[in-house]
Amino acid sequence: MFTRNVTVMPSDVGSNGRIKLRSLLNYFQDTAGLAVVDVEGTTTELLSRGYAWVLMKYEIDFAGKLPELDTRMDINTFHDPNHGYNTLRVFKVYSGGQLIVSAKTSWLLIDVNSGRPVKPMAHIPGIEDIGEGEEIFPDFREIPECGDTSLSVDIPVMFHDLDYNGHVNNAVYFEWVHDSSPVDLTTHSLRTVCASFRSGARLGERVTLSFGEAGGAIVCNIKRPNVSRNSASFLCEWREIHAE
């Protein structure tokens with residue numbers, strides 16, 4: 001188990017004074033890198049050997065209100081690399097001794113030159129020895145295609161949307177979905193969000209976000225131009241803020 005203690009800074013919060021979910025996702029990504037730095041080195045060192053981590057799926061459950069400005073919180077994480085090409089990682093966020101966020105994620109290690117996935121156990125010696133080795137079940141919720149689309153939004157990919165791989169960062173996708181969702185963001189907050197990523201949008205493209213409903217949740221499928229399959233898909237369950 002790796003634990004990182006962080007303080008919610010002014011740049012992390014939105015107009016409601018609570019941490020923005022994009023900031024939280026960035027904390028997860030950075031914490032994952034810190035958890036394995038003794039084995040694989042820094043992100044720059046990993047890239048110099050020709051490898052990079054890519055997030056493929058996540059499920060995040062929000063147990064309560066997100067922390068406010070200046071709140072200290074602990075991010076606990078452990079991983080399970082025993083899934084072939086996939087490495088699964090769990091995050092649990094505590095504030096004031098209370099669990100406020102839990103997440104399960106799935107990652108691929110990519111050969112940067114070929115763009116193809118490789119098995120982490122074969123290319124990062126010792127990665128299986130990090131942490132407690134707790135088993136993580138590989139089941140993730142299926143995200144359906146939109147049925148009747150209630151809303152479509154076109155968004156241009158800008159320079160600062162990109163990560164070090166040259167693709168749109170996973171936290172940026174989430175921010176697009178969150179801010180474009182057909183709900184009143186002043187009266188609703190997320191209960192659960194699930195995401196699946198297939199291909200990364202690039203600078204200069206215009207992606208289309210299509211929203212629909214499935215079983216009481218809002219589904220968003222994101223498409224790149226001239227690509228038939230979804231670039232990413234999201235399923236979001238919302239709740240009224242006064243009910244938290």
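A disulfide is taken here as a pair of cysteine sulfur atoms within 2.5 Å. The model is predicted, with local features requiring pLDDT of at least 70 and side-chain atom pairs counting only at pLDDT 80 or more, whereas totals for chains, interfaces and linings use all residues. Residues are numbered from 1 along each chain as its sequence is written, and side-chain values use heavy atoms, with hydrogens and water left out.

**View A. Cysteines without a disulfide.** A search of the whole structure finds zero disulfides. The closest cysteine sulfur to that of Cys194 belongs to Cys236 and lies 8.2 Å away, which is too far for a bond. Cys194 counts as buried at 1% relative accessibility, where buried means under 20% relative accessible area, exposed over 50% and partly exposed in between (1.4 Å probe, protein chains only). Cys220 is also buried, with a relative accessible area of 1%.

**View B. Two nonpolar cores.** A nonpolar core is a set of buried Ala, Val, Leu, Ile, Met, Phe, Trp, Tyr and Cys residues joined through side-chain atoms within 4.5 Å. The largest such core holds 54 residues, and Leu24, Phe28, Tyr58 and Phe234 touch the most other members. A second, separate core has six residues, including Ile143, Cys194, Ala217 and Leu235.

**View C. The largest pocket.** On a 1 Å grid over the protein atoms alone, a pocket is an open set of points with protein on both sides within 12 Å along at least five of seven lines, a cavity is a set where a 1.4 Å probe fits but cannot get out, and lining residues have an atom within 4 Å of a point. Grid points are joined across faces, edges and corners, and a volume is the space filled by probe spheres set on the points. The largest pocket holds about 970 Å³ of space, and of its 43 lining residues Trp53, Val54, Leu55, Tyr164 and Asn165 are the closest to its centre. Helix 1 gives the most to this lining, with six residues; helices (H or I, at least four residues) and strands (E, at least two) are DSSP runs numbered from the N terminus.

**View D. The second largest pocket and helix 5.** About 620 Å³ of space lies in the second largest pocket, whose lining of 25 residues has Asn16, Ile19, Leu66, His178 and Leu185 nearest the centre. Helix 5 supplies the largest share of that lining, four residues. Eight of the eleven residues of helix 5 are buried, among them Tyr173, Phe174 and Trp176.

View E. The structure holds two cavities of 30 Å³ or more. The largest cavity, with about 50 Å³ of space, is lined by Leu25, Phe28, Gln29, Leu55, Tyr58, Phe91, Thr105, Trp107 and Asn170, and helix 1 gives the most to this lining, with three residues. The second largest cavity has a volume of about 40 Å³, and its lining consists of Leu21, Leu24, Leu25, Tyr58, Ile60, Phe62, Phe174 and Val193. Helix 1 and strand 2 are the elements that give two or more residues to the lining of the second largest cavity.
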